[in-house]
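Dear colleague,

I am passing on a structure that you have not worked with before, and below it you will find my notes on what was found. Please read them with the structure open beside you.

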Amino acid sequence: MYKSIKILSIAGACAAALVASAFAQTSWKPPAEIAQKAAAESGAAPADAAATPAAASTATTGAPQSAADKEKSCADQAKAKGLKGKAKKQFKADCVKS
């Protein structure tokens, strides 16, 4: 009797693992560095490059920006420069102040 319970519990665990893996996210997205290199090799413009001129044009028009818009613009600029960690945080703080 104990042998059949062990077999059933192992079979149940295996079935649960298979069901869990079926619901796992199966699409893989490459990191930003790899995606930019792949886009450059294929000749397509990276998505960040398309967003940066729009952010730059709103900054040069002189129109007053809301705090959220300015913060997003600064974050986009930091992302375009490829800043990470403390350097990104410092850049965004200086950008928002100015």
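In which helix do K72 and D76 lie, and how many residues apart are they? Both lie in helix 4, 4 residues apart, which is about one turn of the helix; helices here are DSSP runs of H or I with at least four residues, and strands are runs of E with at least two, numbered from the N terminus.

Before going further, please keep in mind that this is a predicted model, in which local features need pLDDT of at least 70 and side-chain atom pairs count only at pLDDT 80 or more, while totals for chains, interfaces and linings use all residues. Residues are numbered from 1 along each chain as its sequence is written, and side-chain values use heavy atoms, with hydrogens and water left out.

The chain has 5 helices and 0 strands, so that from the N terminus on its elements run α-α-α-α-α. Of its 98 residues, 7% count as buried, where buried means under 20% relative accessible area, exposed over 50%, and partly exposed in between, with a 1.4 Å probe and protein chains only.

Helix 4 covers residues 67–81, and its 15 residues reach 21 Å from the first C-alpha to the last, close to the 21 Å expected at 1.5 Å a residue (the expected span being 1.5 Å times one less than the number of residues). Its buried residues are S73, C74 and A78. Seen down the axis of helix 4, these fall within an arc of 135°, so they line one face of the helix; the arc is that of the directions from the helix axis to the C-beta atoms. On the other side of helix 4, A68 and K72 are exposed, and the helix is followed by G82, whose phi is positive, near 80°.

The structure holds 1 salt bridge, a term that stands for a side-chain nitrogen of Lys or Arg within 4 Å of a carboxyl oxygen of Asp or Glu. The side chains of K72 and D76 meet in it, at 3.5 Å from N to O. K72 is exposed, with a relative accessible area of 54%, whereas D76, at 24%, counts as partly exposed.

Finally, S98 lies in the segment after helix 5 (85–97) and is exposed, with a relative accessible area of 62%. A polar atom of the S98 side chain lies 3.1 Å from the backbone oxygen of C95. The C-alpha atoms of S98 and K70, which are 28 residues apart along the chain, are separated by 9.9 Å.

Technical notes
Polar contact = N/O pair within 3.5 Å; in protein donor to acceptor, adjacent residues only side chain to side chain.
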